Amino acid sequence: MKRLHVILSSMLFTAFMVGPMILPISEAIAAEPLTANYSATPEKGAVEFALLKGYMWKYADGQFHGEKQITQGQFVSSLVTIRGLKDGEPVPQLPQGHWAKATYERAQKAGILTDVEINPDKLLTKEETALLVFNAWKPYRGVKDKGFTNTGALVTWGWMDPAPPGQPKFREDLPVTRSDAAVILRKMWQDKYEIELGEKYALEFHKSLKVVDGYLIGTVPKGDKLINITVQFYTKDNKIVGYGNGESFKSKIESFHSMSFIATNSLDSSIAAVYQYQNLSLLERKKNTQQFSFIE
């Protein structure tokens with residue numbers, strides 16, 4: 001064995017072995033290509049980031065107007081852009097020639113408009129915004145936490161601010177400004193970027209694995225400034241043998257009952273990708289990446 005040590009806290013160990021747990025995404029990630037003015041307030045930095053990445057836009061007067069309440073059409077357009085959606089299906093509620101028709105057709109096919117009353121000019125509340133977020137992000141993080149409103153679940157996840165002090169924490173009726181939306185959308189852009197990187201490294205790791213004479217041989221990808229990668233072998237007496245970025249291993253299969261590949265954000269430990277290998281001889285893996293709520 002190369003070395004025996006516990007790499008992650010018991011909290012993260014539980015998340016990987018039992019099921020994903022909720023860890024808030026960092027407000028700012030200081031790594032390329034996530035460039036924006038993060039020394040500014042969260043709203044200012046998020047607005048700059050949105051304009052830089054091109055998923056939010058200024059008004060005709062050249063101003064962003066972060067104080068304005070965001071419309072359904074504006075928010076749906078941002079979600080479609082972040083998701084990179086190309087294909088659509090009919091949205092009969094909007095007439096031919098409507099400025100938002102093509103965008104809404106893409107959102108419709110992707111499920112973003114599920115349970116949504118279509119009205120591009122509608123000013124969004126927190127609950128209406130949160131519903132669109134969960135609809136858009138189902139392919140990445142599953143469904144919202146059970147027992148919460150959409151607002152409550154998104155606040156609990158850390159992607160939406162709670163109501164001001166002295167008010168009920170999950171006030172669903174409060175308006176969402178364009179600056180508020182920029183903060184949420186930056187978290188989504190970053191989350192998608194992290195997940196895509198995590199999947200890239202997970203596949204690289206999987207392709208490195210081979211079984212030779214009862215040993216499992218492989219190499220942990222080097223990762224980068226944003227993503228930290230850990231591979232953990234679990235012994236039959238629940239000890240952990242861990243390997244980090246760029247390390248190679250040759251482990252005797254009969255000494256372990258399972259193995260996990262874990263890719264996390266280097267700054268806040270949010271989870272980009274988790275795969276569990278329960279049968280090391282056959283190299284069968286099961287995706288167990290962190291979701292909004294764990295589903296059996």
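**Entry 1: the aromatic cluster**

I began with the rings and found that ring pairs link Phe-205, Phe-233, Tyr-243, Phe-249, Phe-256, Phe-261 and Tyr-277 into a cluster. I note here that the model is a predicted one. My search of the whole structure returned 17 aromatic pairs. One of them joins Phe-205 and Tyr-277 in an edge-to-face arrangement, with 6.1 Å centre to centre and 85° between the planes. Phe-205 belongs to helix H7 and Tyr-277 to strand E7, so this pair ties together parts that are 72 residues apart in sequence. I looked up the accessibility of both residues: Phe-205 is buried at 0% relative accessibility, and Tyr-277 is buried at 0% too.

I then took the pair of Phe-233 and Phe-256, which is tilted, with 5.0 Å between centres and 50° between the planes. Phe-233 sits in strand E3 and Phe-256 in strand E6, so the parts tied together are 23 residues apart in sequence. Phe-233 has 0% relative accessibility and counts as buried; Phe-256 is buried with a relative accessible area of 6%.

**Entry 2: the sheet behind the rings**

In what order do the five strands of the open sheet run? I read the order as E4-E3-E6-E7-E8, with antiparallel pairing. Strand E4 (240–243) and strand E8 (284–287) are at the edges with a single partner strand each, so one side of each has no neighbour in the sheet. From one strand to the next, the twist averages 20°.

I checked one pairing in detail. Strand E6 (residues 256–265) and strand E7 (residues 271–279) are antiparallel and share six bridges. Thr-264 has Ile-271 in E7 as its bridge partner. Helix H7 (residues 178–208) lies across E3 (227–235), E6, E7 and E8, and runs at about 30° to E7.

**Entry 3: helix H3**

I tested the length of helix H3 (residues 72–83). Its twelve residues should span 16 Å at 1.5 Å a residue, and the end C-alpha atoms are 16 Å apart, which agrees. I then asked how many of the twelve residues of H3 are buried. Ten are, and H3 is mostly covered. The buried residues include Gln-72, Phe-75, Leu-79 and Arg-83. I looked for what covers the buried residues of H3, and found H4, helix H5 (126–141) and H7 among the covering elements. Gly-84 follows H3 and has a positive phi, near 70°.

**Entry 4: Val-116**

I placed Val-116 in the loop between H4 and H5. Its relative accessible area is 17%, so Val-116 counts as buried, the limit being under 20%. Setting aside residues up to four places away in sequence, Val-116 touches Gln-72, Leu-131, Leu-132 and Asn-135.

**Entry 5: Lys-101**

Is Lys-101 buried or exposed? I found 9% relative accessibility, so Lys-101 counts as buried. Lys-101 is placed in helix H4 (residues 101–109). I looked for partners of its side chain. A polar atom of that side chain lies 2.7 Å from the backbone oxygen of Leu-94, and the backbone oxygen of Val-91 lies 3.0 Å from a polar atom of the Lys-101 side chain. Apart from neighbours within four places in sequence, Lys-101 is in contact with Val-91, Leu-94, Pro-95 and Gln-96.

Technical notes:
Residues are numbered from 1 along each chain as its sequence is written. This is a predicted model: local features need pLDDT of at least 70, side-chain atom pairs count only at pLDDT 80 or more; totals for chains, interfaces and linings use all residues. Side-chain values use heavy atoms; hydrogens and water are left out. Helices (H or I, at least four residues) and strands (E, at least two) are DSSP runs, numbered from the N terminus. Buried means under 20% relative accessible area, exposed over 50%, partly exposed in between (1.4 Å probe, protein chains only). A polar contact is a pair of N or O atoms within 3.5 Å; within protein, one must be able to donate a hydrogen and the other to accept it, and residues adjacent in sequence count only if both atoms are side-chain atoms. Contact means heavy atoms within 4.5 Å. Two strands pair if DSSP finds at least two bridges between them. Axes are lines fitted to C-alpha atoms, for helices over the stretch in contact, and angles run from 0 to 180 degrees between N-to-C directions. The expected span of a helix is 1.5 Å times one less than its number of residues. Rings of Phe, Tyr and Trp (its six-membered ring) pair if their centres lie within 6.5 Å; planes under 30 degrees apart count as stacked, over 60 as edge-to-face and the rest as tilted.
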